[in-house]
Amino acid sequence: MGDENYDKIVEKISKSSGLEKEEIERRVEAKRAKLAGLISKEGAAQVIAAELGISFDNEKLKIDELLPGMRKVNIIGKIISLSPVRTFTTKKGDEGKVVNLIVADDTSNIKVVLWDTNHISLVEKGEIKEDSVIEIGNGSMRANEIHLGSFSELKPSKEKIEKVVTEKIVKEKNIADFKLSDSVSTRAFVVQAFEPKFFHVCPECKKKATQEAEGFSCAEHGKINPEKKALINLVLDDGTETIRSVLFQEAISGLNMGDLEDSENLIIQRENLLGSEFTFSGEVRMNNFFNNPEFIVGNVKEIEPDKLLAKLEEEN
Ligand SMILES: [Zn+2]
């Protein structure tokens, strides 16, 4: 076992404990002196690590190294977003709580779901918040998320993380390979288009507004002047599979349908949509009503003709 290993251990002890490397080396030498040189530098470093409660058993992984199905996942990352604590009723009739985080490191980011009340209380007490660096131990990968139960560990970390990847990691995939909570993009044809639906939202909190005898109101903001939003359901087909898809305002604008409130225009545009091909990006979610996966499209792009040509030439 060479010096390289020793250096790595010292590095890791320093990172985990916050102690200077010189201080660790001093402790290593002190330990060796005490044991009359019967222990190697590396061995002494291991003892120092154990004394500081630092374990080498469970190596930490970078977020882009995580794979679906992994157990005992350990990572360190910065919280870049945090949902409010949500409560729900369990099948037994108890009250349960859940919190969703997005945790990022210098390679990627990932959704982390907290189910354990001890972990959630760290959020409730503000000990873990946006921008906190946290250490996760013994998490399980479910689809593309890390889930933390009562056997998992979650604690604030003293480690500093400067650069994190905050952009959504969107993978190009075939519809047949879509998994729940994937962020994906796919090139697909519109094979069914349903009539757009309209709804009103509060201009401040963007939540659905309630229509009253006179005007609209928001549960939080009272009487409001709402914004009108459109929603379209499409069925997309990329040759591998079809999927029901939901497009909201920003995504709909990518379909170039013109005036959505002009009903004659809509009839024409809906027919034009059938058989047209776009690149759709979004998230795969469970539709609880239909109990089916659904593609929530956030962005629609026209196929770039150059890319299409290049692909066709490749195929021929
Ligand atoms: Zn509101």
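Mentor: Happy to. Keep in mind that this is a predicted model. Let's start with a pair of residues: Val99 stands opposite Leu114 in β4.

Trainee: How do you know that β3 and β4 pair, and in which sense?

Mentor: Two strands count as paired when there are at least two bridges between them. β3 and β4 have 6 bridges, in the antiparallel sense, so by that rule they pair. A hairpin of 4 residues joins β3 to β4.

Trainee: What makes β4 and β6 a pair?

Mentor: The rule asks for at least two bridges, and 4 bridges join β4 to β6, which run parallel. Here Lys111 stands opposite Glu145 in β6.

Trainee: Why is β4 called largely enclosed?

Mentor: Buried means under 20% relative accessible area. In β4, 5 of the 6 residues are buried, so the rest of the structure largely encloses this strand.

Trainee: Now helix α4. Which of its residues are buried?

Mentor: His119, Ile120, Leu122 and Val123 are the buried residues of α4, which spans residues 117-124. Down the axis of α4, they fall within an arc of 145°, so they line one face of the helix. They pack against β1, β3, β4, β6 and β7.

Trainee: What does the face turned away from the buried side carry?

Mentor: Thr117 and Asn118, both exposed, and exposed means over 50%.

Trainee: What happens at the start of α4?

Mentor: A side-chain oxygen of Asp116 comes within 3.0 Å of the backbone nitrogen of Asn118. After α4 comes Gly126, with a positive phi near 75°.

Key: Residues numbered from 1 in each chain as written. Predicted model: local features only at pLDDT ≥ 70, side-chain atom pairs only at ≥ 80, totals over all residues. Heavy atoms only, no water. Buried < 20%, exposed > 50% of the residue type's maximum accessible area, 1.4 Å probe, protein only. Helix = DSSP H or I, 4+ residues; strand = E, 2+ residues; numbered from the N terminus. Arc of directions from axis to C-beta. Contact = heavy atoms within 4.5 Å. Polar contact = N/O pair within 3.5 Å; in protein donor to acceptor, adjacent residues only side chain to side chain.
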